[in-house]
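Keep the 3D view open as you read.

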Amino acid sequence: MKKSKLEISEEMNKARLQLSIEHYIKYFIGKRVCEITKEEALYAISLAVREFAMDSLYSTMARYNKNSSKRVYYLSIEYLIGRSLENNLHNLGLYKILKEIKIKDFPDFSIEEIFDTEYDPALGNGGLGRLAACYLDSMASLGIPGFGYGINYQFGLFKQKFENGWQVEQADAWVSDFSPWELGRPDRTVTIPLYGHVETYKDSNGKDTYVWTNTHTLYGVPYDFPIVGYNGKSVNYLRLFSAKTNDEFDIDIFNNGGYIEAVEDKIKTESISKVLYPSDAIEAGKALRLSQQYFFVSCAIQDIFRRFLEKHSDFKKFPKQVCIQLNDTHPALAIAEMMRLFIDVYGQEWEDAWNIVTKVFAYTNHTLLPEALETWPAKYFARMLPRHLQIIYEINRRFMEFAKERFGNDNEKLSKVSIVSGEGDNQIIRMANLSIVGSFSVNGVARIHSELLKNSLVPEFYELWPEKFINITNGITPRRWLLHANTYLASLISDKIGKDWIGHLELLEKLSDYAKDPEFIHKFSKIKKINKEVFRQEVFKRCNVAIATQSMFIVQAKRIHEYKRQLMAILQVIGEYLAIVRDHARPVCPKTYIFAGKAAPSYTFAKLIIKLINNVARVINNDPLVGDSLKVVFVPDYKVSVAEMLIPATDVSLQISTAGFEASGTSNMKFALNGALTVGTYDGANIEIREAVGKDNFFLFGLKEDEIRKMRPFYNPRKIYEESVYIQRILNAVNSNLFCEGENPILFKPIFDELLNRDYYFILADLEAFNKVMKKAEHAYLNQEKWTEMAIKNVAKMGYFSSDRSVWEYATKIWHLDVPVEAQPWMDLEEAKSA
């Protein structure tokens, strides 16, 4: 029988992959096949797979160059890319092929054991970094010329460990001597000036010219990471820069006894790319953060200029070739840096330069917390970036003239929109305001977030430029979060509706036809049990706690912050525990509460919440009166590889932020895509998820944003405490030594006092409603057939929340790019293929 082209291609790929693996074992690692370790097997396989990725990368770049494609540059201070090998195997169509390869004398390692040896770099702290990684995946999968820029941190966020329940931060050194996915590009090194001062001269025409002189010079060395799109048709890259100095070692200083001073410059310079988010609790940490942000954007903007000037000389074409997306305010300095290069390096007039800049930048806002909008003391700029301070002052002067034309003498509005605020040593630069003023588009990341952005956070800017504001709801890549993370469920779905859903998540809608099918329900439920068993074993390995797979896994996994209300979740757990030991009232089904996430090192109150969770877990898990009715675990060092095991095992996803505080969230999408039911507030993307899956398949509770806004001036949490026996019992337990026996007896009094005297995030206002909805979910879980039906409906309705859809909206509404017809979401697939 004649073989198809696909079969011939797979056979050729199989033969090539096997030969390449054997080649790298023998000639790169330098061992016989039978001698290699799992880590060495990972290297050899990764290098062999990288060949396929690089071939596609070269052809992708050739296609972009031939078409003279407009390019999108995504600037983000963090990227949670996760492990690369398995994801790239899936996207290149080599996963099944690798499993079929049999290499003679290869050690008895399973492919899963080899995958597990890959380091998972923590180059992010949650949704912001993971969203950036999802968007890079989707840009490549859609064939969009999109490239990421960031910092090649030597140390990730930190490794989280617990000592006596307290979070302890340890260095997370992920950059080793060799990474198969990291490609150094020293020929693209850029020069970065810092410090110094600005001198002003008159040119021959009497025009002021500015020279930034006596600067300290450092160098940004780029490293590229291939980003493989689905089916391997397009491969883009993420370019991360490491800080280096030219003065590696001063021998004269060394010989005169200055051993530390001899390498002092190298140490200071390279600290810029050492660690993600250095603590800003001290002045040196704040200064390091600002220097990081400038280093990052200067490297990126200079690289973008270099690429443009390789093919063009007329800067009027710049906006037609370049679009830069700012992922929050961390890259906002890119606006001032581009102005500096245009004016000081390329001799453009201010008006011409500003006209280009404001057609190139687009800004994504990710926060509704006014205190989280980034600001920097102007004195830092004066010392480190004096030329940029001049440019920002001039941007603001011209902008304020424009604002006065609209607002007249309304000083309150003018003060809110000004980029510069305060006087003297207290003067600050508002990076969100700079981002809005310097961008042609400003978008929120969920429907409610975008409305609050316009009406509550920056209404004055919306009044000035209503046409700038747009909503693009966040999304997640189905390749990472279903195909890769939940292979059993992905296979079941493909068996039922085919594989096209991987690139067109909207096709999951077809699963609705099987939500009541007994056979499909049985298979779906079996897969959930398998995933729960896998995670049960992981919990025992990491936490030394035995949990039962038949219990309801209730999960809150996200960055630890007061507005995300992990505190409310543990108060609910305390209430359930007290009901068991004091009232002999057990839950109707056994429950396991699973927490995961990191607190910023300087966020003392968040770390106290972690301590409370761990102490409560220790008491409950060791109380014989409780048994398996209730368990609590806090999984340490949460990162992408842990999420890939936890999310498919989850029954209930807690998305319980205070309404009006979560911009969007993406973990809510990941959990729902994997068949977890959401217990959530009317906040962020929860609202749109509930609309999609149906109100009967979502457990909603709590106050809405407008209700909280109206209550806040008169909110009295102590009154709620005094009028609720249920809340009194829980908070009195927190304020006692029940969960800190043998420690400071008033260890958790700050939590008690905060909730009674302030409760800024309305935990007490929502606590009883949370308890009621948890009981509702608990009873629903008893009917496993109905529960699974609801879970299937959640999966079926998640098509809208694909990052492919989000990126397509960015491409068409903001970046103004042409997306290949077959990649566009929400089309009839057969129509797309014929087109």
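## Salt bridges in this model

A salt bridge here means a side-chain nitrogen of Lys or Arg within 4 Å of a carboxyl oxygen of Asp or Glu. By that rule, the structure, which is a predicted model, contains 57 salt bridges. Some share partners: Arg185, Asp187, Arg188, Asp224, Arg239, Asp303, Arg306, Arg307 and Glu310 are joined in this way into one network.

## A bridge between two helices

Let's begin with glutamate 460 and lysine 416, whose closest N and O atoms are 3.6 Å apart in a salt bridge. Glutamate 460 sits in helix α18 (residues 459-464) and lysine 416 in helix α15 (residues 411-417), so this pair ties together parts that are 44 residues apart in sequence.

The surroundings of the two partners are worth a look as well. Glutamate 460 counts as buried, at 11% relative accessibility, whereas lysine 416 counts as partly exposed, at 40%.

## Bridges within a helix

In helix α32 (residues 784-796), lysine 786 and glutamate 789 lie three residues apart, about one turn of the helix, and their side chains meet in a salt bridge with an N to O distance of 3.6 Å. Lysine 786 is partly exposed at 39% relative accessibility, while glutamate 789 is buried at 7%.

Helix α33 (residues 803-815) holds glutamate 809 and lysine 813, four residues apart and again about one turn of the helix. Their salt bridge has an N to O distance of 3.0 Å. Glutamate 809 is buried, with a relative accessible area of 8%, and lysine 813 is partly exposed at 43% relative accessibility.

## The whole protein

Now zoom out. The protein's secondary structure comprises 34 helices and 23 strands. Its radius of gyration is 28 Å, close to the 28 Å that the globule rule gives for 835 residues, so the protein is as compact as a globular protein of that length. The C-alpha trace spans about 90 × 80 × 65 Å along its principal axes.

Of the 835 residues, 60% are buried. Among contacts between residues at least 6 apart in sequence, 76% join residues at least 24 apart.

## Surface and charge

The accessible surface of the protein is about 33800 Å², and carbon and sulfur atoms account for 50% of that area. As for charge, the protein has 103 positive and 106 negative charges, and their mean positions are 3 Å apart.

Notes:
Residues numbered from 1 in each chain as written. Predicted model: local features only at pLDDT ≥ 70, side-chain atom pairs only at ≥ 80, totals over all residues. Heavy atoms only, no water. Buried < 20%, exposed > 50% of the residue type's maximum accessible area, 1.4 Å probe, protein only. Rg over C-alpha atoms; globule rule 2.2 N^0.38 Å. Contact = heavy atoms within 4.5 Å. Areas by Shrake-Rupley, 256 points an atom, 1.4 Å probe, with all protein chains shown as cover. Lys, Arg positive; Asp, Glu negative; His and termini not counted. Charge placed at Lys NZ, Arg CZ, Asp CG, Glu CD.
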